[in-house]
Amino acid sequence: AAGIIAGIFFGFFGDDFKMTKADLVIPYINTEIYDIDGNFLGETSGTEQRQLVSLNDMPKLLPKAYVAIEDERFYDHSGVDIKRTGAATITYLLNRGNSSFGGSTITQQLIKNITKEDEDSALRKVKEMARAIQIEKEISKDNILELYLNDIFVGGESIHGVALGAKYYFNKNVSDLDLAECAFLAGINHTPNSYNPYNGTEEQIAKRIERGRDRTKVVLKKMLE
């Protein structure tokens, strides 16, 4: 059904609804500077701070945590989760547009992050779905997941990607994250700075730490399920 709908929109709207793997570009990556002897001198970044890391260099439980909490049928759908989209639409209508329950898959979230198109409209959502179906035909699920985990905002001031997220929250290389740390990063994905333990008053920080602990347990339960 999603494929038929996407095909209709391609016919009506043309290029505005099309997307290829060439469009999946992460624009900002930190640059490390070394002297002639290999000594680290410093690091520069653009608007977004980011270090790229391959899926193979992440702990296996990290992508599993994100899939569990963000898109449990990620490996089964073709870019659009019809069941989740339907549930999100019904919830949205029942709450007269005030529902925070989303229906976007990881593929759709990646497209939204890269295109920076975030207007709250049905047309944007349909465009996002159409592009997600196309992208899933061009690159593998693992490629999509790797791009997503390198692109997402993780907190602080413009810190993006799980590599810098691991350093920011745990002072670790991402490859060294344990199960609970993987679950924490995945859990805060929807609003990272509301869990940030480094900003605010002592009371705010204490509440954020407790909130982060509770959210980690939610992700662990979902992973087990």
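Predicted model: local features only at pLDDT ≥ 70, side-chain atom pairs only at ≥ 80, totals over all residues.
1. A quick word on terms first: buried means under 20% relative accessible area, exposed over 50%, and partly exposed in between (1.4 Å probe, protein chains only). Glu136 is buried, because its relative accessible area is 15%, and Lys141 counts as buried at 16%. Their side chains meet in a salt bridge at 2.7 Å, N to O (a side-chain nitrogen of Lys or Arg within 4 Å of a carboxyl oxygen of Asp or Glu).

2. Residues are numbered from 1 along each chain as its sequence is written, and side-chain values use heavy atoms, leaving out hydrogens and water. The protein averages a pLDDT of 84, with 76% of the residues scoring at least 70.

3. By the salt-bridge rule the count comes to eleven. Among them, Asp151 and Arg50 meet at 3.6 Å, N to O, and both are buried. Glu48, Arg50, Lys116 and Asp151 are linked in a network of salt bridges.

4. What does the side chain of Lys116 make a polar contact with? Its partner is the side chain of Glu48, at 3.0 Å (a polar contact is a pair of N or O atoms within 3.5 Å; within protein, one must be able to donate a hydrogen and the other to accept it, and residues adjacent in sequence count only if both atoms are side-chain atoms). The backbone oxygen of Asn113 lies 3.3 Å from a polar atom of the Lys116 side chain.

Key
pLDDT = per-residue confidence, 0-100.
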